[in-house]
Amino acid sequence: EVNKAKAALDLKEVDYEATVKVKMSVAKRCFEAVKNSFLNSPEFTEFLAENAAWLKPYAVFCALRELFGTAQHWRWGSLGCESSTETVTRLSQPGSEVYNTVALHYFVQFHLDAQLRAASAHAKRRGVILKGDLPIGVDKASVDTWMYPSLFRMHTSTGAPPDDFDPNGQNWGFPTYNWEEMSKDGYGWWRARMSHLERYFSAMRIDHVLGFFRIWELPAHTRVG
């Protein structure tokens, strides 16, 4: 089945949606086969303890995204960003109504982390330095805006002003940052992102680093820049 899927997806351009669908289907079956032993293993217990700050919110967010059929958390009613912290605490517990899906995403992230660290270590042993990519913006319908709404200006979008490349300008659709709020804890959200990238990479590229100094801000409802 896997080989058949590989052949079907071996196209000139990557069909990301189809690829993710196949991979998650395989991952679900692998997870169900080892679920109890995996969740009780010392390796996973250590991984969860070390990464709980981002892993639990992410896994719960993914479970709710699948439950509601959308990542737009402002459409989740009482489970929106106003109650995200309490929701993560409750739904990340074994026995919760979505825990099986939460645990599946634990499983996937555990193996992705192990594989990427192994690849990074392999490269280092051979004198190859890996550089990671850190986008300046996040999607409005993301775990970050769900968990930390005060850090983002959700009524705005980032983009680019009109120029020779595009006379209408550009609207990228990402919310701008509430830098004043971010500064209150010494930019902890940014420091956590960068620290996690250091787990895999020896250098990082911030796209676009200029966004730390100036950025084109638009009302969220606009279509162009």
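Cys30 has a relative accessibility of 40% and therefore counts as partly exposed (buried means under 20% relative accessible area, exposed over 50%, partly exposed in between, with a 1.4 Å probe and protein chains only). The structure is a predicted model, in which local features need pLDDT of at least 70, side-chain atom pairs count only at pLDDT 80 or more, and totals for chains, interfaces and linings use all residues. Residues are numbered from 1 along each chain as its sequence is written, and side-chain values use heavy atoms, with hydrogens and water left out.

The structure holds 0 disulfides, a disulfide being a pair of cysteine sulfur atoms within 2.5 Å. For Cys30, the nearest cysteine sulfur is that of Cys62, 18 Å away. For Cys62, the nearest is that of Cys81, at 17 Å. Cys62 is buried, with a relative accessible area of 0%.

Helix α2 (residues 16–39) packs against helix α5 (residues 99–125) at an angle of about 100°, and their axes are 9 Å apart. The two helices are therefore roughly perpendicular (angles of 65 to 115 degrees; under 35 is roughly parallel, over 145 roughly antiparallel and the rest oblique). Helices are DSSP runs of H or I with at least four residues, numbered from the N terminus. Axes are lines fitted to C-alpha atoms over the stretch in contact, and angles run from 0 to 180 degrees between N-to-C directions. Residues in the contact (heavy atoms within 4.5 Å) include Cys30 and Phe31 of α2 and Tyr106 and Phe107 of α5.

Asp113 lies in helix α5 and, at 4% relative accessibility, counts as buried. Leaving aside neighbours within four places in sequence, Asp113 is in contact with Phe47, Arg199 and Tyr200.
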